[in-house]
Amino acid sequence: MNLTRARLLWAIGIGKTINLPRMMFMTLCTTYAGGDVRGSVPYTGFLTEMFKRNGVHIRIGFTRVEPEGAIDRSSLSRSEGQRKKRKLEAIASEESSMGMEDLKEAITDLGKEFNTQMTEHRNEVNARLTLLEEESSRNTTMLQEIHGMLIRMQA
């Protein structure tokens with residue numbers, strides 16, 4: 001477990017507010033900057049769903065990872081599935097695909113959108129906290145006045 005995940009679990013455990021979109025975006029940036037040789041990307045399920053919903057198409061061959069070792073017997077028994085996969089890859093490569101620059105731009109735009117949404121949310125929360133602090137202050141003053149009246153009544 002790395003330090004980031006440990007901090008996330010700690011924050012969840014104590015009930016601390018988490019800026020999850022920013023954390024996800026920063027993890028993606030760190031992974032990209034780190035130049036992971038295996039090409040692994042965090043949050044693949046989330047990213048796939050987000051890309052589908054926003055009409056982003058990535059050609060299948062672009063993300064393909066070639067096997068490093070010998071093909072085992074269970075892989076050979078899936079030859080029909082492999083034919084279907086190759087057919088889908090051929091169809092996908094014929095369709096228009098998104099280039100790497102467009103993908104980087106989409107991720108950058110997504111980061112900006114996350115930051116904008118988080119800023120708006122933070123402003124709303126801060127405004128609400130200010131109102132709560134003012135109300136708390138009024139209630140404290142009122143309780144102090146009531147306490148003073150009770151003391152005067154007892155005297």
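The lining of the largest cavity comprises eight nonpolar residues, no polar and no charged ones. Here Ala, Val, Leu, Ile, Met, Phe, Trp, Tyr, Cys and Pro count as nonpolar, Asp, Glu, Lys and Arg as charged, and the others, Gly among them, as polar. The model is predicted: local features require pLDDT of at least 70 and side-chain atom pairs pLDDT 80 or more, whereas totals for chains, interfaces and linings use all residues. Residues are numbered from 1 along each chain as its sequence is written, and side-chain values use heavy atoms, without hydrogens or water.

The structure holds one cavity of 30 Å³ or more. A cavity is a set of points, on a 1 Å grid over the protein atoms alone, where a 1.4 Å probe fits but cannot get out; lining residues have an atom within 4 Å of a point. Grid points are joined across faces, edges and corners, and volume is the space filled by probe spheres set on them. The largest cavity contains about 50 Å³ of space. Its lining consists of Met24, Phe25, Leu28, Tyr43, Phe46, Leu47, Leu110 and Phe114. Helix 2 (20-34), helix 3 and helix 6 (100-154) each give two or more residues to this lining. Helix 2 supplies the largest share, three residues.

The chain has six helices and zero strands. Both are DSSP runs numbered from the N terminus: helices are H or I, at least four residues, and strands are E, at least two. Buried residues (under 20% relative accessible area, with exposed over 50% and partly exposed in between; 1.4 Å probe, protein chains only) make up 12% of the 155 residues.

In helix 3 (residues 44-53), the buried residues are Leu47, Met50 and Phe51. They lie on the same side of helix 3 because they cover an arc of only 100° around the axis, taken from the directions from the axis to the C-beta atoms. Gly45, Lys52 and Arg53 are exposed on the other side. Just after helix 3, Gly55 has a positive phi of about 75°.

The largest nonpolar core has eight residues: Leu28, Leu47, Met50, Phe51, Val56, Leu103, Leu110 and Phe114. Such a core joins buried Ala, Val, Leu, Ile, Met, Phe, Trp, Tyr and Cys residues through side-chain atoms within 4.5 Å.

Technical notes
On a 1 Å grid over the protein atoms alone, a cavity is a set of points where a 1.4 Å probe fits but cannot get out, and a pocket is an open set with protein on both sides within 12 Å along at least five of seven lines; lining residues have an atom within 4 Å of a point.
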